[in-house]
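Good morning, and thank you for coming.

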Amino acid sequence: MLDKAVAEIIRAAYALSTWSNFRTHTSSYIRFARRFGLVAFPLSESALTRYAAFLSFTVNAPKTVLNYINGLKSVQKLLNLPPFIESPRLQLVLRGLKRTMRHCIRQAAPITPAMLLRMSKFVRSTTDVVCFTALLVGFNLFLRKSNLVPDSCSSFDPLKQLTRQDLRCSKSVFLVSISWTKTIQFQERTLLLPLLRHSKKELCTHSWLRRMLSKIPATPADSLRSLLLTWKKTIPLSRRTLLMKLRLWIRKLHMQPGSYSLHSLRRGGATFAFRRRVPLNVIRLMGDWISDCFLRYIDIAMDTRLHAVARLSR
């Protein structure tokens, strides 16, 4: 009985997606080891350096190679084998891959309020209302897509995605409660983010939420259902549906849909907040960033860069 409890506790140590990654990393590595006649576990310097070189021919980014190597180190611990002793030769290989693979990180372009304003004219159906409301919520709260929509309708998780009970409303304010994010794995704290009325009705998240809720009303029994419901008013809005709608509307704006993703909402919201001179520490808090990596999300406009150079030229 206690052994079963220990096994369940160990499973809870990592998210399901992490366990899935471990399985992917392990199966790939074992196939490689069998192909080249190597001993898979315990890990060795010679096996890992060769595997890193092998992966460089099959993946695009050096960071992916590092993720696979680190995943295998974790798997070795889970197998109760001695921890892998860090190897200077392996570190040199990984460092060399950064130079030889020369991968350039491609960021999704930021959504702007002007784009959202033009998109609002394309809203027709109830599903359109739900999708546009989702875009506004994601933009104004700098949400990660995992908090906004599930990967599929069947994978909706009320602990991760927004539900009806996460939304509290008054005449002028919607208060959104978020208790799980990429950096809040154990519900150890809660983010409370307000949504106020906007001077432009077309961009007023408050108004669009009320419009959506009037079309798809909820009862107390629906408190744990997705905030964003679509077909038959019971099916959660999925990532695929929202992304398809976003890119359809971007295409109608005669822009490149492939340059945008749901990540564009988080990046666009942070960029707009920066341009409106919202303090950086507030942007970091609202977006739930735990490091200064959020600075890479902010797109500095060319006129701002020119202004900075002009000041230095005086």
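F54 is partly exposed, with a relative accessible area of 22%; buried means under 20% relative accessible area, exposed over 50%, and partly exposed in between, for a 1.4 Å probe and protein chains only. F36 is also partly exposed, at 45%. This is a predicted model, in which local features need pLDDT of at least 70 and side-chain atom pairs count only at pLDDT 80 or more, while totals for chains, interfaces and linings use all residues. Residues are numbered from 1 along each chain as its sequence is written, and side-chain values use heavy atoms, with hydrogens and water left out.

Let me turn to the aromatic pairs. Rings of Phe, Tyr and Trp (its six-membered ring) pair if their centres lie within 6.5 Å; planes under 30 degrees apart count as stacked, over 60 as edge-to-face and the rest as tilted. The count by this rule is 14 aromatic pairs. One of them joins F36 and F54 edge-to-face, with 6.0 Å from centre to centre and 70 degrees between the planes. This pair links distant parts of the chain, 18 residues apart: F36 lies in the loop between α2 (16-35) and α3 (45-55), and F54 in helix α3. Helices (H or I, at least four residues) and strands (E, at least two) are DSSP runs, numbered from the N terminus. Both residues belong to one aromatic cluster, formed by Y29, F32, F36, F41, Y51 and F54.

Which residues of α3 are buried? They are A47, L48, T49, Y51, A52 and L55. Their cover includes α2, α4 (62-78) and α5 (88-101), where contact means heavy atoms within 4.5 Å.

On a 1 Å grid over the protein atoms alone, a cavity is a set of points where a 1.4 Å probe fits but cannot get out, and a pocket is an open set with protein on both sides within 12 Å along at least five of seven lines; lining residues have an atom within 4 Å of a point. Grid points are joined across faces, edges and corners, and a volume is the space filled by probe spheres set on the points. The second largest pocket has a volume of about 580 Å³. Its lining has 21 residues, and N140, L195, L196, H198 and F272 lie nearest its centre. Helix α7 gives the largest share of this lining, 4 residues.
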